[in-house]
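Please keep the sequence and the structure in view while reading.

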Amino acid sequence: MKIGIDQMAFATTDKYIDMTELAIARHVEPNKFLIGIGQVEQAVIPKTQNVVTLGASAASQIINETNRDTIDMVLFATESGIDNSKAAAIYVQKLLQINRYARTVEVKQACYGGTAALMFARDFVLAHPTKQVLIIAADVARYGLETPGEVTQGGGAVAMLVKANPQVLALNDDSVYMSTDIMDFWRPLYRTEALVDGHFSANIYQDFFKELWQRYQMQTALAISDFTAFAFHLPFTKMGLKGLLEILPTASESHKTALLTAFEASRVYNKRIGNLYTGSLYLSLMSLLDNQAFTGGERIGLFSYGSGAEGEFYSGTVQPTYQKGLKTDFKALFAKRERLAITTYEQIFNDHFVLAPDDVAYDLTNDSSQFVFAGIKDEQQQYHQR
Ligand code: CAA
């Protein structure tokens, strides 16, 4: 029985900044950001948006009158959650009127959480082949103004429906994974911005990829020639390129070109959104499937990395029907975004959600999204659907 991703959808905000303008404002040569980091634009997340609103917005493209009654589980992966106890999944369940007999849970291990959720869902469907799982991988990536990580911020959500006989990608039962206690990136409970040892984190990412790729080849007897493309977790898109370049020397000359072309397809969207932590690998997969033609049957390798640290390498097989399962019109999404001046972005960045018990009602006039975070009342977060 094939099990995997049946549908995929993405959401972000309607605001962004241009990385050339950010480079000029930070007195950096623009090609460092555009080529050295590999980012061209960055989604800006106002305080009226967070993982709940972004997650609901992505999942609303998948949930309909029929499947809202049959979803058995909602797994919400995030590392920028909005409550220390209650799962963001329950807020989304309510906003999208998903049936009350679904399990609703939050999953956390940095950027790896989306992959953990996907694998839990796969195993659940294997045990219960008629069941369907909604996965949401949503995050807001914040490092701070004028920090080295600023160019790698961003935010958004990917929603995926996992079931038997999937339309998009069948998951092959070939995962290799590893975890080790490493302090490369973390966010203490009292902080809204992550702490990161940037170069160290990038080195650990590459070390994990190399070790897991070796282990994968030993366990499966597959080699690079068995892969049509690779998709990487993309904290910034140059990071994935560094990963690919580690293994490219083992490919034939013509295959090298094909893999590099596929890599370019896999980073088109991430270059314009920035990091969305748990969702980054899956946005990259959507980018690959949207920007390169497949016939079905191609094997794609996927590398997931979450600081702290945990990694997984696995493969999926593209289904001939994959286009039917890709639910987001990215052309329209990018066309309706508003480019902000760097000073406006800085004001929005500083005017963030403050952890405080006081009632507050946010001004929603600048946010036309379907789902908004409207403020706090009686220490409870208020979400509205328009
Ligand atoms: N033209 C072209 N390239 C240029 C250039 C120019 N004018 N100027 C510099 N560059 C290149 C550099 O040579 C370098 O390339 P290489 O890495 O290939 O050597 C690249 O631009 C970046 O330059 P620096 O290393 O000097 O950049 P930096 O020190 O300012 O910051 C960073 C880079 C450490 C990644 C920083 O952005 C950061 O801390 N980011 C957040 C952490 C992160 O994303 N880590 C990734 C792994 S952890 C993970 O994956 C989980 C997660 O999502 C967070």
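Of the 26 residues around the ligand, which come nearest? They are Asn31, Lys32, Gly36, Gly198 and Pro235. The model in which they are seen is a predicted one. Two elements, α2 (30-37) and α6 (198-220), each give two or more residues to the shell around the ligand. By class, this shell consists of 14 nonpolar, ten polar and two charged residues.

**Packing of helices**

Two packed helices are described by the angle between their axes and the distance between the axes. The table lists two such pairs.

| Helix pair | Angle between axes | Distance between axes | Handedness of crossing |
|---|---|---|---|
| α3 (residues 51-59) and α4 (residues 88-95) | roughly 50° | within 9 Å | right-handed |
| α6 (198-220) and α7 (residues 237-247) | about 35° | 10 Å | right-handed |

The axes of α3 and α4 cross at roughly 50°, and the two helices are therefore oblique to each other. On the side of α3, the contact is formed by Val51, Val52, Gly55, Ala56 and Ala59, while α4 contributes Ala88, Tyr91, Val92 and Leu95. Eight of these contact residues are nonpolar and one is polar, and no charged residue takes part.

Helix α6, which also gives residues to the shell around the ligand, packs against α7 with the axes 10 Å apart. From α6, the residues Ala202, Tyr205, Gln206, Phe209, Lys210 and Trp213 meet Met239, Lys242, Gly243, Glu246 and Ile247 of α7. This contact has six nonpolar, two polar and three charged residues.

**Backbone details in two loops**

Where does His27 lie? His27 is located in the loop between α1 (19-25) and α2. Its phi angle is near 60°, which is a positive value in a residue other than glycine.

A further detail concerns the peptide bond between Gly308 and Ala309, which is cis, with omega about 10°. Ala309 belongs to the loop between β13 (299-306) and β14 (310-318).

**The annotated domain**

An unreviewed UniProt entry lists residues 3-164 as "domain: Hydroxymethylglutaryl-coenzyme A synthase N-terminal". What are the helix and strand contents of the chain over residues 3-164? The chain there is 29% helix and 30% strand.

Technical notes: Residues are numbered from 1 along each chain as its sequence is written. This is a predicted model: local features need pLDDT of at least 70, side-chain atom pairs count only at pLDDT 80 or more; totals for chains, interfaces and linings use all residues. Axes are lines fitted to C-alpha atoms, for helices over the stretch in contact, and angles run from 0 to 180 degrees between N-to-C directions. Helices (H or I, at least four residues) and strands (E, at least two) are DSSP runs, numbered from the N terminus. Angles under 35 degrees count as roughly parallel, over 145 as roughly antiparallel, 65 to 115 as roughly perpendicular and the rest as oblique. A crossing is left-handed if the near helix is turned anticlockwise from the far one by less than a right angle, and right-handed if clockwise. Two residues are in contact if their C-beta atoms, placed from the backbone, lie within 7 Å. Ala, Val, Leu, Ile, Met, Phe, Trp, Tyr, Cys and Pro count as nonpolar, Asp, Glu, Lys and Arg as charged, and the others, Gly among them, as polar. UniProt positions are given in the numbering used here, feature names are shortened, and annotations may be inferred rather than shown by experiment. A residue is near a molecule or strand if its C-beta atom, placed from the backbone, lies within 6 Å of it.
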